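Welcome! Please take a look at the structure below, and then let us walk through its salt bridges together.

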Amino acid sequence: MKATNARDNLFQVQATTDYLLQRLEDNWIVGHFANNRLASVFQPIVAANALQVIGHGAYIQCDPDSKNFVSPWEIFSLGTEDSMLVKLDRLCRTVHALNYFHAGSGPGNLFVNVQPRLLESVKDDHGHAFAKVLDLIGISTSRVVIEIPAEVNRNWKLLGHVIGNYRSHGYRIAANHSGTGENWMAELGSLYPDIVRLEASALMGRFGARTLVDSIHQFGASVLVCEIETSQHKAAALQEGADLLQGRALGVPVRAVEPSVPVPAGNHYPAPSENYRQRSFRGSPD
């Protein structure tokens, strides 16, 4: 089943969520929650060595046409009970997948984050429900990168558990860097994330940033520098050897999905460093 057939499976996908999915006249999908229409916007993620788009980060946009317009933060605050938050988070990822893989005809990767409370509420088999949605629209889980929130770094047992769960379903994993000591990096390396996210402002203000980037490469992960807001941020990320770039200086989140470009065979994320050790990933690209 091809990704372009995703729009033909809305009825089947609807059965996997507790909230209404609606196709608009332009075939864009919105989800309904608490009298709000939730839509998707996507921000390009760029391979640093070629400055080419390889995927997009997904964000929820509350439909401005809704009579009860609220911010995305307020939407998630409405999930006062853990069970409701789990369903809302799954709704958002379903909306993203339907929109992204219908609109994007290239081999791009979808980057989605998850709520920290969801990771704590769902005890086992993280990613199983979303994998069912992806299967219905003919997309391999290897096309999806799960961004683990930095809050989970405080609980190494939980972090290792959820990474293992998502990886067992074939997803790729992006962890957030939030430590400074060598022990922290060794711990992170032992979990084998596919990507480590660093904020551009933190990278610029850090002494020995290149050493940090090289240490991440040594355990086989790519470095994604995010929150790139200025040309200085971009220059610093390139100078320090980042593999992937994301931020408003490269593209703002928008409804349209820019075409993604093919990545050379065998490489999900091209890396500029000769010392970078490419690891194989579970699953195969569509």
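Are Arg-197 and Glu-147 buried or exposed? Arg-197 is buried, and Glu-147 is buried too, where buried means under 20% relative accessible area, exposed over 50% and partly exposed in between (1.4 Å probe, protein chains only).

A word on the background: this is a predicted model, in which local features need pLDDT of at least 70, side-chain atom pairs count only at pLDDT 80 or more, and totals for chains, interfaces and linings use all residues. Residues are numbered from 1 along each chain as its sequence is written, and side-chain values use heavy atoms, with hydrogens and water left out.

Searching the whole structure turns up 4 salt bridges, each a side-chain nitrogen of Lys or Arg within 4 Å of a carboxyl oxygen of Asp or Glu. Among them are these:

| Pair | N to O distance |
|---|---|
| Arg-255 and Asp-26 | 2.3 Å |
| Arg-93 and Asp-89 | 3.0 Å |
| Arg-197 and Glu-147 | 3.4 Å |

The salt bridge of Arg-197 with Glu-147 links distant parts of the chain, strand 8 (residues 195-199) and strand 6 (residues 144-147), with the partners 50 residues apart. Helices (H or I, at least four residues) and strands (E, at least two) are DSSP runs, numbered from the N terminus.

Arg-255 and Asp-26 form a salt bridge that also joins distant parts: Arg-255 is in the segment after strand 10 (244-245), and Asp-26 is in the loop between strand 1 (21-23) and strand 2 (29-33), 229 residues apart. Arg-255 is partly exposed at 35% relative accessibility, and Asp-26 is partly exposed at 48%.

Arg-93 and Asp-89 both sit in helix 3 (residues 82-103), 4 residues apart, about one turn of the helix. Arg-93 is buried at 4% relative accessible area, and Asp-89 is buried at 3%.
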